[in-house]
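Grab a pencil and have a look at the structure below. Try each exercise yourself before you read its solution.

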Amino acid sequence: MNTKIVLSFLGIFLLTGLYFSCQDDSPTGEKIELRGLTREKRSLELIRKVSRDPLGKRILALYKSTDGQTEKENEILYHVQPHLINLGFTVEYWDIDAGMPSREKLRETRAVISWFRGASMADPEAYLDFMDNTIMSGLKYIIIDNFGAYQYRMEQDKFMEPARLNLSLSKLGIWYSGKWTDDASVLEITSKDSAVVEAGGLQDVSKSRLYYFFQIIDKDLDVFLSVKRNDEDVPPSPFIVTNRNGGFILSRYIYHMENGQAKILIDFNEFLRRALFPRAKQERIGILTDLNHPQTKKISLLVAESLKRTQCAFEVIEKQDFKKLVPGDLTPYTTVALIIPNEQDLNPNVIADFYSHGGSLISLFGGYFTNLAPYLASRVKEDPDVKEGFGYVFKPGFLLSEGFGMKYDDVGWGCGNLEPAGDAVILGTDFNGFQPIVWASKDGRVLTWDWHLFIIPELIGLAFESFLYVRPVGTAATLGFGHMFIDDCPLPMYNVKNEPLEPITDTDFYMNIWWPEIKQLLDAHGIPASSYIIFNYNAQVERPFTGAEFFAAENMASLHLAHIMLDQGMELGFHGYNHVSLTCEDTEVNEYKWTSIENMKGALNEGKRYWLSMLPRASLPFAYVAPNNIISEEGIKALHEVFPTIKIISMLYWSRTEEVCSEMAPNSQFPELYYFPRISSGYLNTDANQKLIVAGAGVPGVVSHFIHPDDVYDPDRSGGLTWEKMKTEFADLLDFVAYHYPWIEWVDIREAYYRLLVQDEAQFCFKWKDNPDGAQLTVHTVEGQMFRIRPNTYSLTGLDGAEIIYSYKSMPGIILKAEDKECVLYFKPHTTSTAGGM
């Protein structure tokens, strides 16, 4: 058997390659691409799907010449343009009587705004189509005063049908239902945001004398003014509103005439801000990144994948779009993450505006920042020559665990030009405690990392926890299960005596010592496992294929072990006809490769023939573990054709060598196949294994571990220990999981598959809302789904629709399970920080 399996990933940091350079020359950067299967490619596709184009800085202002308006004389010019310019936009005017603006005209346009005087238009149907198409293309639409398209100008008795009007108005969150009156005696203002609608004077229905009934059809509609008609049994009508698509202000509530002058009531600066930059209605993350920089690209891909798995909503803004950003553009996010090497093209006022409006901010790469330093709880280093560090120390309380701290002295890292501001809270340092790595603002809303080491995938759990740290209450979905894989088992046994167990044969060890003792240990911890049969370790890659090795053991022990496992309720998976990876590509690990797809399929068919000749058809494999953790797309296709019963394909979650890494996700070509990778491995209770387990439990919420029966024969995998000591180490490792993650439920491989599918469909939504007497977090999901919260500046006081599974004692972490599709958690603020510094 090839002994190079996964040792590089098990000993995460045993490689001493230093990361001082900003160039991505790590082993990960040289990973071979097996016909489109690389994790990087899939993660990049994910980022492209959620990339947000901030559009342009131009506002297209509509007027009607038939209303007596011109480009130089219109209400937008007089009352709105100064505020738009103040918000960072330019304004271009368009006479709607000249026809609809072309698609080309709307390029680099952020929004369309209208302020018409009259109700008629030459072709109101065409105008409504234009409005619909504009909104559907992602632009905002703001209507002030008369809608302007109620009737046909040339046919005064022809009005637009309400149903057609509402097709357009509904995109702004309202539904026109008539009931006009100008009788002020029956009108009453029921709600108002005075800061927005009474900035220049009081709203007064006796002066406005206008009512239409609009229904609210957008649950996230922001209503600034509502008026009720007391002689009708209808709810209050929203007259001034904004939503994700723009805004609307009804005529006569914009200004009042006093002494022949229009007295503007509306704070247009604030209204436009709310219409153009809608506030986040749920927890949403904005990632500002440079995908042309090798290190920030890699970090961004890992972060995006982690956020997707944990159902944290996010969007990506790439560097080429930074110049389009204006202050307010980050308002739709509750948290913004900077993954950039420098502040080039990024207006610091954009970050300043976001922070001043209550946003949370993270910097995940040690870059070079001067103008941004004050917003990152930082200042420029006094010693500019400090450009690298060595080792790290993170005290308990940051990562999800019962007091697990991280201390490591054998890895170097590059850094940027920042150091903590005077009142910042330091959360981690280099190994000697001299150089800060990560620090937070005093209020906890900003977290800055000054290193480049998140290019190592196994550390991404630290980056992910940062997103939860900076929110009042951090939230994320978690899978909450574990699974144990036993690779290469049953395996060919050779009746030979090898060190370090020379007195007994390998067959005796596997049958009479290893399996009985491992089964007893797994049972004691309540762990069901799946075991992956391998028929040969030969190098046969062309016909004829034989299975002689599997039958070499005395009394056909390999087959006997397979039957024992089935009788004990074990799930038998498939590891291969032999240990040659399913690829025709050259790889370092594979001494041999398949000479053709047909030969590869021939070997798989031979493996299936062995299976059916020796084992029940009902036991045909549900899961497959790729030999050497390498497989190609062609290999997956061949496997799927020969073994349609297989639903799980397993490689590695993280690796820094040529093994194929995979997120937990469906295969794009065959969605019924699901990648369920392994995160940790082996029997030894090492720092490296503990870090992997903590990372897996903290991000996807999974412990996915694998062992081999023959590890004792390999000096590297055994660490030179005896079997008794290996067994003790393994028990300690399982106890480590039980102590830090008692909420993890060990499940069989089929249950793991179904839980992955269900969480994918759960569509979590987290909504945080501050109230005068506290705050609440509303979680929308599917009953039975698990999620976790990190209460940083608030304490949980009650909950509806959810149950607490586990509450951490040594850090602010609570694991919950949804009992309903809507869970509401109640909080009150506290003044004591829950995660102190160093």
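Here come two exercises on this predicted model, each with a worked solution.

**Exercise 1.** Work out whether strand β28 is enclosed or open, and which strands pair with β28.

*Solution.* 
- Step 1: Start with the side chains. In a regular strand they alternate between the two faces of the sheet.
- Step 2: Sort the residues of β28 by direction. A529, S531 and I533 point one way, while S530, Y532 and I534 point the other way.
- Step 3: Check burial, using the cut-off of under 20% relative accessible area. Residues on both sides pass, as all of them are buried.
- Step 4: Six of the six residues in β28 (residues 529-534) are buried, so the strand is largely enclosed by the rest of the structure.
- Step 5: Look for the partners. Strand β27 (residues 481-486) pairs with β28 in the parallel sense over three bridges, and M484 stands opposite A529.
- Step 6: Now try β29 (residues 571-576). This strand runs parallel to β28, joined by five bridges, and L572 in β29 is the bridge partner of S531.

**Exercise 2.** Find out how many disulfides the structure has, and explain the case of C312.

*Solution.* 
- Step 1: Recall what you're after. A disulfide is a covalent bond between the sulfur atoms of two cysteines.
- Step 2: Search the whole structure, and you get zero disulfides.
- Step 3: Take C312. The closest cysteine sulfur belongs to C765, and because it is 11 Å away, that's too far for a bond.
- Step 4: Finish with burial. C312 counts as buried at 10% relative accessibility, and C823 is buried too, with a relative accessible area of 0%.

Terms used. Residues numbered from 1 in each chain as written. Predicted model: local features only at pLDDT ≥ 70, side-chain atom pairs only at ≥ 80, totals over all residues. Heavy atoms only, no water. Buried < 20%, exposed > 50% of the residue type's maximum accessible area, 1.4 Å probe, protein only. Helix = DSSP H or I, 4+ residues; strand = E, 2+ residues; numbered from the N terminus. Pairing = 2+ DSSP bridges. Disulfide = S-S within 2.5 Å.
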